[in-house]
Amino acid sequence: MRALILSIVFAIAPVLDAANLQIAYPFNDNMVIQRNCKVPVKGTGAANSKVHITFNGQEVTGISDQSGKWLIYLAPMKAGGPFTMEIKNEKQKRIFKNIMVGDVWFLSGQSNMQYPVKKFKDAREWLKDAGYSNIRLCNMGQGSKRNIAPCWEKCSSATAKEFSALGFLFGREIYKDKKIPLGLLCTAYDGSIIARWISHDALMKIPLEKKKWEKFKKELPEKREAFAKYRAELKRRKSLSKDAVKKLPKLKYVGLPYRQQSNLYNATIKPILPFAVKGFIWYQGESDGMFSMGIKYKDYLEALITSWRKEFGSVNAPFIIVQLANYGKLRGWPEIREAQRLVAKKLPLTALAVTIDLGEKEHIHPNNKLDLAKRVALCARNLAYKENILYQGPTLQSIRSDSGKLIISFSNIDGGLSGIANGSKTSVFDSFLIAGNNKRYFPANAEIKNGKIIVWNARVSNPRYVRYAYSQNPQGTLLYNGKGLPASPFEAKID
């Protein structure tokens, strides 16, 4: 919470001293600016004054508004650097050095995105290959006490160990393949629910959130009054003797009315907007599953993706969703995984990095971030870098019924379908369930035939629904394609 408050203070500081020339974060030395698109640069200063930017052969001028705010766009640029940026008005000048032009990836979510390299048992091995001066890392303050003001640093073993493990490993995969300067901008907060990352306007398009907001507004005057009375009584009791206080009934605590919704968005996302990026990586949902969000998570994730693309000014930016891994200690994750799958299927330029085989029964922060980073990188190479590669596991395409059996078709099955259990190939499938119209599920027999999965159970004469790996921590045979990429868990009905 302290980091959150400091982020808010930093974000509004330029407005409080509007006469001084201030550049909105995360602009700083060592940063990466997005290539091949218009680049917004914004800040505050004296009202109605000219602001001049010199950068990489460009000279651009804008004028601040009556409140001192200004927004200037640089023309698209090719990858390169290092460059120096000079920003000045009539009275002041700011200089930022060692700026690269390349690709910027925005990373967000909760603790599985936040956790730094140093917290994982493979950290020493990962950090042997961390010296990439053209990869720049920026922690935006959430979960990092050392970074109040966002700070861009060259990637090294010393800086990478403090950065998101998934972010660092993903960036290394992409940089080694593309050799283009890479900026990794991370803001993640442990235990956060998705509603905290979505703007108020976007949340109001979700009926459930609109209902919650109307209820909050209606109850607010009464709650404020109760809080004021509590504070007054607390003050009164402090003036009494200890003996007098002991004779009084216990004072029930009354807190200040407060909403978590949108608070992380307001603290860390809104202040930087608009901001040009190559794409987004989102690893979150654990807390929403724990709080029984269920399939409703789909509405929130869709709202987040759609609104972020618009607000960042990168409407065609790829969005990669990391699906929740297998884990044995909580409930509610199968429905979150299904919501993630459905959103990835629905929205354009959106991919799902499946992790159902990378988790650990006892640990909510699985150690195998390297294979996860490689899968996320495959998604990025296809969506963002337009490589014609297989980047997904078997993807549910259609389901039909035939003589009491369900025939399930998949796309992305290059190299064929196979089952793997305990690291070995097997023809025995025990991860499917089927149900009739009553949705009472029974374990299903399953086999691969002509590139399809056939499932049945003699107790279900007219199957209509099927589930695959639809549990908190699936233990049975998992489905893969020939490239070793797993299928997403799913729940579906016949077409």
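**Exercise 1.** Find which residues of α12 are buried.

*Solution.* Start with the list: Trp333, Pro334, Ile336, Arg337, Glu338, Ala339, Gln340, Arg341, Val343 and Ala344 are the buried ones in α12. Buried here means under 20% relative accessible area, with exposed over 50% and partly exposed in between (1.4 Å probe, protein chains only). Before going on, note that this is a predicted model: local features need pLDDT of at least 70, side-chain atom pairs count only at pLDDT 80 or more, and totals for chains, interfaces and linings use all residues. Residues are numbered from 1 along each chain as its sequence is written, and side-chain values use heavy atoms, leaving out hydrogens and water.

Last, the cover includes α10 (286-290), α11 (297-312), β13 (319-322), β14 (350-353), β15 (395-402) and β25 (490-493).

**Exercise 2.** Check the span of α13 (residues 369-383) against the expected one.

*Solution.* The expected span is 1.5 Å times one less than the number of residues. With 15 residues, 21 Å is expected for α13, and its first-to-last C-alpha reach is close to that at 21 Å. As for burial, 11 of the 15 residues of α13 are buried, so α13 is largely enclosed too.

**Exercise 3.** Decide whether Glu387 is buried or exposed.

*Solution.* Locate Glu387 in the loop between α13 and β15. Its relative accessibility is 16%, so Glu387 counts as buried. Then look for contacts (heavy atoms within 4.5 Å): leaving aside neighbours within four places in sequence, Glu387 touches Asp177, Lys178, Arg381 and Asn382.

Notes:
Helix = DSSP H or I, 4+ residues; strand = E, 2+ residues; numbered from the N terminus.
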